[in-house]
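Dear colleague,

I am handing over the structure below, and would be grateful if you could look through it alongside the notes that follow.

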Amino acid sequence: MSAQVITVTSGKGGVGKTTVTANLGMALALAGKKVVCIDADIGLRNLDVVLGLENRIVYDIVHVVEGRCRTRQALIRDKRAPNLWLMPAAQSRDKSAVKPEDMVRICEELRPEFDYILIDSAAGIEEGFRTALAPADLVLLVTNPEVAAVRDADRVIGLVEAMGKPTPKLIVNRLKLDMVRRGDMLDTSDVLEILAIELLGVIPEDEQVVVATNRGTPVVLEERSPAGQAFRAIARRLMGENVPLFLSEDGQGVWGWLRRLVRSGGGR
Amino acid sequence: MIKRRAEIATSEPDAPLLGWEGMPREAVAIKGVGDALWFSFGPEPWPEALRALEARLAANPGFFTGGRAVLALGDRIVEEADLLALLALLNRFGLTLTGVLTDHPVTQALVRRLGLPLQSPPAAERAAESPELPLEPAWLVRRTLRAGHYLQVEGHLCVIGDIHPGAEVAATGDIIVWGRLLGTAHAGCGGDEAAAVYALELRPVQLRIGRYIARSPEEGRHSIPERAMVQNGQIIVEPWRTLSRLERWLGPLLGWP
């Protein structure tokens, strides 16, 4: 067994990196894969809160780097999904406490024992970004359908490629279908037209995400939540299954195209 | 700096200027072809040829500085040490080697092994026969430029790919985008107002030519190739190809210029 290292990143902050990491980790674990989520947002840890594992932290990633504990000791096992593990970030230190080579070394150590290693990257494009990306085999780029977030995402694609990593795959988070329908929000196709990278999935805006995050139970555990379904679809796509993309309500095919064309008034 | 045939003739009126086919009277004949100087080597022994060449170069040392040199070695076998000595000599007089012509397979192999630009005789002969064509230096970028990318070049710039919003390109000459230009482009950034910007889809955030600045004229999709240039003191955008009658009729309806 040799894990695939997937780094979840974004340009702009607050677009839902941590939510995506927690939910994809949970979805993959529920599908029977052995998964470890690493919080690389040193100093601003929150993946543990979203996963509801905050109260069980003893050691964190900085302890591992500084050699104050073994790598295994910093892993927290999730009770709901016994295949899911978390390596929390430190609360007290800053980004420089973990160097890119430290992250590579930790991942190399964990690789033989897991199927997937998900790294929740820090926002921005500074040192923490490079640390989170250093071991990545696959980069997931999270953006919201907003011009500012898309612009920052575009910059991140350039930086990721400049680091010699494969072109990131896109997750569009918090798509408000009713606003798209009224033409008040960028549609997925608008985002894709600007970024021109592969789309891995679209997550609709869903109030249950907020409730679930506050409770520390990832929304994939909610059977009927639209966002939860979208996360499960992305997880299956990551595992190599051919799952149709969840797009806007207009859908794909000739009718969807015609409807979009009519809505945009021809010339756009 | 480009040396022309005429310059050689006027600067050295007594020098033999024999054609490629003609037998050179000297050990090495020098001839201007296109923007390069051809050094044709006859059958003389190498040390003699080299001495003769050195004498020719040393007679007018400043003239050759910055020139491009093409070596025409004919069918002789050249040893590696001899060729390296010749390269050093060219280098000393500021000549850049841009091509080597040789008919002999052994010499061809040596030229390839040294990584020197080998020209095939037919191509070179055709170049010698063709009327002189004006060449201008240009840079080719074969990728998409994303937000945060900035590129400035001396000369013309050609991008095969898109230029995204937030990316910026600048060139002292023209800018040609074989893709969508959605970012910022500055042609003639050294002050050349005759420079132009070409794109398959010209929808920039901002366009500059020389000292003129224009924002993208209007919203809307431009699905025809367009070019922008300065006319009567402002930046004008026009179709880059002849429009069909249907397109001319439909254009205004779809918001084309």
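Helices here are DSSP runs of H or I of at least four residues, and strands are runs of E of at least two, numbered from the N terminus. Of the 14 residues of α1(A), 13 are buried, that is, with 20 or more other C-beta atoms, placed from the backbone, within 10 Å of their own. After α1(A) comes G32(A), which has a positive phi near 95 degrees.

This is a predicted model, in which local features need pLDDT of at least 70 and side-chain atom pairs count only at pLDDT 80 or more, while totals for chains, interfaces and linings use all residues. Residues are numbered from 1 along each chain as its sequence is written, and chains are lettered from A and ligands numbered from 1 in the order in which they are written.

Chain B contains seven helices and 16 strands, and 32% of its 257 residues are buried. Its mean pLDDT (the predictor's confidence in each residue, from 0 to 100) is 81, with 82% of residues at 70 or more. Where pLDDT is low, the predicted coordinates should not be read in detail.

The model scores ipTM 0.72 and pTM 0.68.

With best wishes

Definitions and conventions:
A residue is buried if 20 or more other C-beta atoms lie within 10 Å of its own, exposed if 12 or fewer, and partly exposed in between; C-beta atoms are placed from the backbone.
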